[in-house]
Amino acid sequence: MEKKEIKKVVLAYSGGLDTSIIIPWLKENYNNCEVIAVSADVGQESELEGLEEKAIKTGASKLYIEDLRKEFIEDYIYPTMKAGAIYENKYLLGTSFARPVIAKRIVEIAKKEGADAICHGCTGKGNDQVRFELTIKAFAPEMTIIAPWRTWNIKSRDEEIDYAEAHNIPLKITRETNYSKDKNLWHLSHEGMDLEDPANEPKYDEILELGVSPEKAPDQATYVTVTFEKGVPVKVDGQKLSSVEIIEKLNKIGGANGVGICDMVENRLVGMKSRGVYETPGGTILYTAHEILESICLDKDTQHFKQHVAIKFADLVYNGQWFTPLREALSAFVDKTQETVSGEVKLKIYKGNVMNAGVRSEHSLYSEDIATFGEDDVYDQYDSQGFINLYGLPIKVKALLDQKKLK
């Protein structure tokens, strides 16, 4: 499609470096088209301050600020947590599942505004371009997508700053603090600069925002109790809270105790490895509590099979495939497993560690009468002899055959 045919563009707008310069760039390159900016509130707090004034001053005709926090938690975070999905055993998917909820709302606004195109500021090297665009394709397959990083002449963040300065666009960063960050209610990520070399230890005292390093955490343990209903957290320390309040409270508790700091080199969807530091204090507490509760509420076969599902679920979320039949089918399986995952988990939190301090559930499959090392009347230990004879029969038959062959 020729550039002159684009008359109205809806832009996914964060007010960060990339999207700040995209507004004037779109108007310069698409025949002074109308640009409608959309900012999704997924819990980035202060980053939303002053966005409307900034968007209008840099050329947008209007700015939508959409509060998606509740939807983000209940429709994306909780289903992923219930699945136990963790990408490459470390990453709690904070950026990954924020993209589909944002992109879905942007499509809705683009249709409402009669836009010709949707624009995003994702780089051609990253995963987010896939996550945004697969969601757009799921809800508006005919929509034109503009991705400036794949077409413009700007090659680095330094050149982006040059462009911003030339166009008098105010920035909250400097060349010296130019980390690439993504913040929402669930996490904060840090990439770039000295972190690009995996040999460099992160400067935690400089970069951490959601909490402190374990070394600076209190010398006394903090206890917290989380109550779940069908796999969903509903109370903290006995107090019923909204989903947003639960995450906010656990973020404060976890952050203060140095919980949820992850430094990893991950495998991006586009083929390269990248290094990032993630802060997920409240999420780490919830994942740990949920896993502990499942350990007494799920039978062995379901629990073990669910671990396989978790790996695939994490891949789907990371790869931008939220709105797919497979993800929906896996969520249906997960929801079935969660019917009995209700109860209370007490945790001991100390200098970056989250430890089990007691768990109870009316659906617990753990029987002290059966498991006890003391005397009991419910388990006949002699029965295990026959079990082992039958269970080990294939091994015994193979060993006897091997002995015959050696004679």
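1. Is Met272 buried, partly exposed or exposed? Met272 counts as partly exposed because its relative accessible area is 30%, where buried means under 20% relative accessible area, exposed means over 50%, and partly exposed lies in between (1.4 Å probe, protein chains only). Met272 sits in the loop between strand S11 (261-267) and strand S12 (273-279), helices (H or I, at least four residues) and strands (E, at least two) being DSSP runs numbered from the N terminus. Together with Leu269 and Val270, Met272 makes a nonpolar surface patch of about 200 Å².

2. A word on the basis of these points. This is a predicted model, in which local features need pLDDT of at least 70 and side-chain atom pairs count only at pLDDT 80 or more, while totals for chains, interfaces and linings use all residues. Residues are numbered from 1 along each chain as its sequence is written, and side-chain values use heavy atoms, with hydrogens and water left out.

3. The domain assignment, whose bounds come from an automatic or database source, divides the chain into domain 1 (8-74 + 92-167), domain 2 (180-298 + 340-360) and domain 3 (371-403). The C-alpha centres of domain 1 and domain 2 are 28 Å apart, and 22 residues of domain 1 are in contact with 21 residues of domain 2, contact meaning heavy atoms within 4.5 Å.

4. How much area is buried between domain 1 and domain 2? The value is about 1700 Å², of which 58% is given by carbon and sulfur atoms; buried area here is the accessible area (1.4 Å probe) that two parts lose on being put together, summed over both. On the side of domain 1, Ile73, Leu92 and Asn127 supply 31% of the area that this domain buries against domain 2, more than any other three residues. Two salt bridges are counted between domain 1 and domain 2, a salt bridge being a side-chain nitrogen of Lys or Arg within 4 Å of a carboxyl oxygen of Asp or Glu.

5. The structure as a whole holds 25 salt bridges. One of them joins Lys183 and Glu45, whose closest N and O atoms are 3.7 Å apart. Within helix H3 (residues 69-83), Glu74 and Lys70 lie four residues apart, about one turn of the helix, and their side chains form a salt bridge with an N to O distance of 3.0 Å. Of these two, Glu74 is partly exposed at 32% relative accessibility, whereas Lys70 is exposed at 52%.

6. Which parts of the chain does the salt bridge of Lys181 and Glu209 link? The side chains of Lys181 and Glu209 meet at 2.5 Å, N to O, and the pair links distant parts of the chain, with Lys181 in strand S6 (residues 180-183) and Glu209, 28 residues away, in the loop between helix H7 (204-207) and strand S8 (222-229). Lys181 is partly exposed, with a relative accessible area of 39%, and Glu209 is partly exposed as well, with 43%.

7. Asp219 and Lys351 form a further salt bridge, at 3.1 Å from N to O. This pair also links distant parts of the chain, 132 residues apart: Asp219 is in the loop between H7 and S8, and Lys351 is in the loop between strand S13 (343-350) and strand S14 (353-360). Asp219 is exposed, with a relative accessible area of 58%, while Lys351 is partly exposed, with 21%. Elsewhere, a network of salt bridges links Glu66, Glu71, Lys104, Arg105 and Glu108.

8. His290, in helix H9 (residues 281-297), counts as buried because its relative accessible area is 2%. When neighbours within four places in sequence are left aside, His290 is in contact with Met81, Lys82, Phe228, Gly231, Lys306, Gln338 and Val341.

9. Two backbone angles deserve a look. Most residues other than glycine have a negative phi. Asn89, in the loop between H3 and helix H4 (98-113), has a positive phi near 65° and is exposed, with a relative accessible area of 74%. Asp237, in the loop between strand S9 (232-236) and strand S10 (239-240), has a positive phi near 55° and counts as partly exposed at 41% relative accessibility.

Terms used. Patches are made of residues with over 30% relative accessible area and no salt bridge: like charges are joined within 9 Å, nonpolar side chains (Val, Leu, Ile, Met, Phe, Trp, Tyr) within 5 Å. Accessible areas come from the Shrake-Rupley method with a 1.4 Å probe; for residues, only the protein chains shown count as cover.
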